[in-house]
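Notebook open. I want to go through this fold piece by piece and write down what I look up.

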Amino acid sequence: MRTSRWARAGTRPALLVILTLAALPAPPPASWAPAGARVAEPAGGDGATPAVGRAWPVGVRPRVLRGWEPPATVYGRGHRGVDLAAAPGAPVRAVAAGRVSFAGRVAGRGVVSVELAGTGDPPLRTTYEPVRVSVTEGEEVTAGEVIGTVEARGSHCAAPCVHWGLLRAGTYLNPLTLLPPWLLRAGPSRLLPVLGVPAPP
């Protein structure tokens with residue numbers, strides 16, 4: 001039985017779509033972090049941090065100077081957050097919508113904490129320091145809203161940075177797990193070919 005020319009022509013676009021999709025890279029896992037960051041899964045945490053983040057705290061895709069290093073014990077050594085490279089005076093943004101639970105100074109550093117909306121009971125809470133605070137306690141903020149600017153002093157990094165933390169109650173979690181793959185993914189976007197549409201004359 002001979003296959004019609006139209007049937008053969010119809011299989012070519014479908015095959016092209018399948019091959020194109022197969023060639024695209026898979027999205028990175030939730031625990032992925034930019035080069036240089038060391039990330040581990042939360043020890044004793046809820047293991048199900050929702051990816052509610054809609055913006056990086058600083059910049060578009062800042063360099064991670066130091067990754068999250070969970071301590072072996074509650075009072076053990078580690079790094080309870082991530083350090084993001086940021087120039088003094090750069091805007092610091094809320095990664096997700098929520099309510100400011102603290103805005104003030106701790107040990108000489110400006111600190112902002114935001115309880116994230118819709119993240120359970122107790123809610124997830126992000127922290128940012130050192131920040132020249134521009135919000136007040138109890139204020140509602142949206143994802144990407146400026147909550148302050150990077151302070152020139154008070155950073156524990158060798159270079160200017162923002163320390164970004166994440167907690168649920170008293171348990172520290174990896175803040176990078178708040179960001180969905182499209183915010184973490186490096187490289188340019190890829191466009192799929194448009195099939196079945198005639199080329200313009």
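I start with a definition: a polar contact is a pair of N or O atoms within 3.5 Å; within protein, one must be able to donate a hydrogen and the other to accept it, and residues adjacent in sequence count only if both atoms are side-chain atoms.

**Ground rules.** This is a predicted model, where local features need pLDDT of at least 70, side-chain atom pairs count only at pLDDT 80 or more, and totals for chains, interfaces and linings use all residues. Residues are numbered from 1 along each chain as its sequence is written, and side-chain values use heavy atoms, with hydrogens and water left out.

**Confidence.** I looked up pLDDT, the predictor's confidence in each residue, from 0 to 100. The protein averages 75, and 64% of the residues score at least 70. Residues 6-47 have a pLDDT below 50, yet beyond near neighbours in sequence this stretch has 49 contacts in the model. A contact here means heavy atoms within 4.5 Å. Where pLDDT is low, the predicted coordinates should not be read in detail.

**Overall layout.** I found two helices and eleven strands. Both kinds of element are DSSP runs numbered from the N terminus: helices are H or I with at least four residues, strands E with at least two. The order from the N terminus is α-β-β-β-β-β-β-β-β-β-β-β-α. Of the contacts with a separation of 6 or more, 66% are between residues 24 or more positions apart. The accessible surface comes to about 11,700 Å², and carbon and sulfur atoms hold 59% of it. That area is from the Shrake-Rupley method with a 1.4 Å probe; for residues, only the protein chains shown count as cover.

**His-163 and Asp-83.** Which side chain does the side chain of His-163 touch in a polar contact? It is that of Asp-83, at 2.8 Å. I placed His-163 in strand S10, residues 161-168. His-163 counts as buried because its relative accessibility is 10%. Buried means under 20% relative accessible area, exposed over 50%, and partly exposed in between (1.4 Å probe, protein chains only). Asp-83 also has His-163 as its bridge partner in S10. S2 and S10 pair in the antiparallel sense over four bridges. Two strands pair if DSSP finds at least two bridges between them. S2 (residues 82-85) also pairs with S1 (residues 64-66), antiparallel, over two bridges. There, Val-64 stands opposite Leu-84.

Next I checked burial. Buried residues make up 36% of the 201 residues. The largest nonpolar core has 31 residues, and those with the most contacts inside it are Trp-56, Val-92, Val-112, Tyr-128, Ile-147 and Trp-164. S2, S5 (109-116), S6, S9 (146-150), S10 and helix H2 (181-184) each give two or more residues to this core. A nonpolar core is a set of buried Ala, Val, Leu, Ile, Met, Phe, Trp, Tyr and Cys residues joined through side-chain atoms within 4.5 Å.

**Leu-124.** I found Leu-124 in S6, residues 124-129. Leu-124 counts as buried because its relative accessibility is 0%. Leaving aside neighbours within four places in sequence, its contacts include Pro-50, Val-114, Leu-116, Leu-166 and Leu-178. Leu-124 and Pro-50 are 74 residues apart along the chain, with C-alpha atoms separated by 9.4 Å.

**S4 and its partners.** S4 (residues 98-106) runs antiparallel to S5, joined by eight bridges. The two form a hairpin with two residues between them. S4 also pairs with S8 (residues 140-141), antiparallel, over two bridges.

Most residues other than glycine have a negative phi, and most peptide bonds are trans. I noted these exceptions:

- Ala-107 has a positive phi near 50°. It lies in the loop between S4 and S5, and counts as exposed because its relative accessibility is 79%.
- Ala-169 has a positive phi near 55°. Its place is the loop between S10 and S11 (171-173), and at 43% relative accessibility it counts as partly exposed.
- Asp-121 and Pro-122 are joined by a cis peptide bond with omega about 0°. Pro-122 lies in the loop between S5 and S6.
- Glu-129 to Pro-130 is also cis, omega near -10°. Pro-130 lies in the loop between S6 and S7 (131-133).
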